[in-house]
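Dear colleague,

Please find below the sequence and structure for your review.

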2 protein chains.
Amino acid sequence: MKRELTAIEIVTIGEELLSGATLDSNAATIAQALEPLGLRVVRRTTVGDEAGGIADAVASALARTGAVITTGGLGPTDDDITKAAVAGVLGRPLEFREEVWARLKERWARRGRIPETNRRQAEVPAGAEVFPNPRGTAPGLAVEDERLGLCVLLPGPPAEVESLVQDAIVAFLAQRVSGDVKRPYRCQLRTTGVAESAIAERVGGRLDDLLLDVAYLPEVDGVDIRLTGWARDEVEVTERLHEAVRRLRETLGLHIYTEGPADLAQVVGDLLRQRGLTVTVAESCTAGLIARRLTEFAGSSDYFWGGMIVYDDRAKVELLGVAEETLRRYGAVSEETAREMAEGACRRSGSAAAIAVSGIAGPAGGTEEKPVGTVWLAVRLNDETVAKRRYYPGTRDMVRARAAQGGLDLLRRTLLQAGL
Amino acid sequence: MKRELTAIEIVTIGEELLSGATLDSNAATIAQALEPLGLRVVRRTTVGDEAGGIADAVASALARTGAVITTGGLGPTDDDITKAAVAGVLGRPLEFREEVWARLKERWARRGRIPETNRRQAEVPAGAEVFPNPRGTAPGLAVEDERLGLCVLLPGPPAEVESLVQDAIVAFLAQRVSGDVKRPYRCQLRTTGVAESAIAERVGGRLDDLLLDVAYLPEVDGVDIRLTGWARDEVEVTERLHEAVRRLRETLGLHIYTEGPADLAQVVGDLLRQRGLTVTVAESCTAGLIARRLTEFAGSSDYFWGGMIVYDDRAKVELLGVAEETLRRYGAVSEETAREMAEGACRRSGSAAAIAVSGIAGPAGGTEEKPVGTVWLAVRLNDETVAKRRYYPGTRDMVRARAAQGGLDLLRRTLLQAGL
């Protein structure tokens with residue numbers, strides 16, 4: 001009789017995790033993958049490559065929670081002792097598995113004969129279930145003891161953990177979770193151009209009756225709103241989530257740029273593609289950041305023509321045709337310069353749309369009138385130019401990231417308001 | 001009589017760490033800060049905001065190791081229960097500290113009167129040493145029990161942990177570590193343009209007699225070599241580290257671009273600045289990545305003029321003057337196009353140096369002759385152009401990152417070989 005699970009612990013193994021050389025992303029990967037099952041991670045322990053510590057951590061986890069997932073220590077070297085340590089805790093021998101050995105030999109075949117010393121990698125705790133690892137040599141393993149509980153053993157490399165968890169472990173554990181447990185159902189809206197406190201104020205108590213968890217997640221360049229409903233079944237929450245999204249759209253309007261995980265540059269790219277337009281960028285302080293973001297996705301040549309990085313004022317004149325008189329009279333960080341940059345970008349490229357950014361990213365270069373963080377954005381669309389002055393607080397990196405986001409967002413709003 | 005420390009455990013507290021919403025960077029920050037003291041982190045435990053779990057994790061850590069650092073759970077809300085849990089483990093009451101309350105009131109003064117409910121934040125376990133927190137409201141605390149051991153309590157926000165650890169906790173713990181313990185002394189060399197296996201082969205056993213740990217750390221765009229010597233005193237290892245660096249420089253020559261943590265773009269920027277030169281970039285598949293990297297540092301306007309992002313072939317013609325005939329005959333990803341891009345960049349800008357990149361980042365667009373990952377790099381310096389064909393494996397992101405690094409590195413090597 002296998003017990004039903006509601007909680008699990010994670011034990012991550014490796015000196016590099018303890019020393020801080022590597023961040024423990026495996027624990028986060030696993031926790032996030034198990035959450036939709038309603039299976040909560042209640043403790044995580046990290047120990048080094050030392051048998052006593054591993055055995056102690058696994059035994060304590062089983063005693064507390066009855067279920068544990070380990071990562072690391074399944075390789076072919078002497079450091080890799082997780083299997084033996086766990087077998088010891090469960091009082092089982094290691095046994096040699098022909099099918100694991102066969103797969104190892106096959107993997108090695110491409111680069112030569114497998115060393116006999118690697119036979120250890122084909123040993124598993126007696127009775128273990130084996131999950132083939134498409135990205136590496138060490139398979140995932142699951143061993144269950146009626147009295148002590150369930151141990152799942154995974155390798156250490158994050159790419160291998162990701163694929164094993166997604167392809168096999170989630171399905172394996174899903175059978176073990178009671179149908180009665182509440183699971184989280186989620187929905188995410190992304191906003192930019194409006195502060196967390198302003199969002200919270202506008203939203204106020206408008207969602208209270210829907211009984212959802214509402215989280216505001218501030219990032220450098222925007223605030224994500226995450227809605228979570230806990231239920232035994234999706235149908236119990238779907239309508240409430242939809243209603244919450246509807247109310248948030250009504251309240252926040254254009255501040256919301258997407259529902260889901262998409263980057264703002266992707267949203268802007270899709271809007272351009274739908275309209276058959278291309279965009280050209282004219283970047284000063286952001287120096288290529290907007291271009292890089294617009295080209296992160298395959299197929300970006302559909303909507304991205306190119307751009308001019310006009311860091312030096314001479315570049316503004318020579319690549320974009322900004323008037324020397326404008327630079328002299330108003331300065332590089334001014335409405336007039338930003339407008340001429342956007343106009344020059346369209347003129348030189350023939351694109352219908354352009355984004356121009358000129359600002360002071362710091363740490364030096366600020367004045368009382370134009371402090372560090374002052375940025376002028378201009379967007380040109382079909383022969384009309386809009387320009388906005390912004391003040392972005394933060395370090396050089398943050399000012400640049402916020403200015404790039406601001407430029408993309410100004411184009412998005414302009415496209416939508418133009419009713420194109 | 002305070003005991004001498006050689007090992008310590010970390011207990012990190014917070015539901016967001018268990019759920020995987022936040023990576024546990026605090027544990028890594030602390031471990032890396034303590035390593036130079038010779039103080040090893042031997043276990044890390046993560047628990048949620050629940051008194052029983054916190055008390056159990058701290059008590060077990062003290063029983064095993066006699067020293068523990070916690071992060072999280074020191075805020076003013078009902079979730080924040082670390083102080084009470086630790087006070088319970090040590091059998092001490094919480095006591096109100098006037099000086100902590102005074103600092104809290106002062107911090108609040110700027111935004112209004114502090115709520116009386118925040119008085120809890122001025123309570124500390126009896127006898128605790130208090131470390132003021134310049135970046136937040138919750139101070140760091142240290143409490144020692146002769147029999148049970150030492151507890152250091154830190155807040156959760158990473159910026160606060162960083163400053164408290166660097167400003168106070170390292171010095172506090174340093175007094176407690178035996179002078180007899182071996183500490184790691186480190187040195188790092190950064191390489192690019194040569195594979196990890198090729199480095200390892202060339203280095204072979206050449207450093208064996210120096211008794212250092214040699215680690216090859218492969219990143220997407222290069223391999224760092226980290227040398228570590230363990231000793232009671234720096235003088236015991238300094239000479240061996242210097243000798244190892246000398247031998248590595250002899251063996252690897254120009255593949256090494258810096259000793260220390262600097263980014264390649266910074267190294268290239270410094271070389272340009274020393275020579276009084278500016279560079280202009282002509283980027284196709286990297287679309288602004290090189291420009292962004294060259295401008296990440298304050299003062300980059302000394303050596304960076306600007307650039308052209310020539311994603312569309314029309315942009316190559318119109319912004320750089322690449323001949324239509326060249327594009328037709330050889331294609332956009334070709335030696336001829338890359339050379340004309342670099343030449344155009346110098347001609348349009350007047351810069352003495354240019355980097356040009358044209359390649360196929362994928363996932364689509366590859367052919368048998370020019371598969372995805374094929375990149376042509378060209379560098380122009382003082383009226384001479386060099387061009388190199390490269391093949392970079394990996395995803396779109398990886399190809400772009402490697403191509404940007406390759407372009408910067410080709411300029412670095414060209415500057416150094418020109419004997420400028």
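Please bear in mind throughout that this is a predicted model. The notes concern two kinds of backbone feature, taken in turn.

I begin with residues of positive phi. A:Ala287 is not a glycine, yet its phi is positive, at about 45°. In chain A, this alanine lies in the loop that runs between β13 (279–283) and α10 (289–294). Is A:Ala287 buried or exposed? A:Ala287 counts as buried because it has 29 C-beta neighbours inside 10 Å, and the cut-off for that class is 20 or more.

B:Asp383 sits in the loop between β16 and β17 (384–391) of chain B. Its surroundings place B:Asp383 among the exposed residues, because it has 8 C-beta neighbours inside 10 Å, where 12 or fewer is the limit for exposed.

I turn next to the peptide bonds. In chain A, the bond from A:Gly362 to A:Pro363 is cis, with omega near 5°. A:Pro363 belongs to the loop between β15 (353–359) and β16 (374–381) of chain A. In chain B, B:Gly362 and B:Pro363 are also joined by a cis peptide bond, for which omega is about 5°.

With kind regards

Terms used:
Residues are numbered from 1 along each chain as its sequence is written. Chains are lettered from A and ligands numbered from 1 in the order in which they are written. This is a predicted model: local features need pLDDT of at least 70, side-chain atom pairs count only at pLDDT 80 or more; totals for chains, interfaces and linings use all residues. Helices (H or I, at least four residues) and strands (E, at least two) are DSSP runs, numbered from the N terminus.
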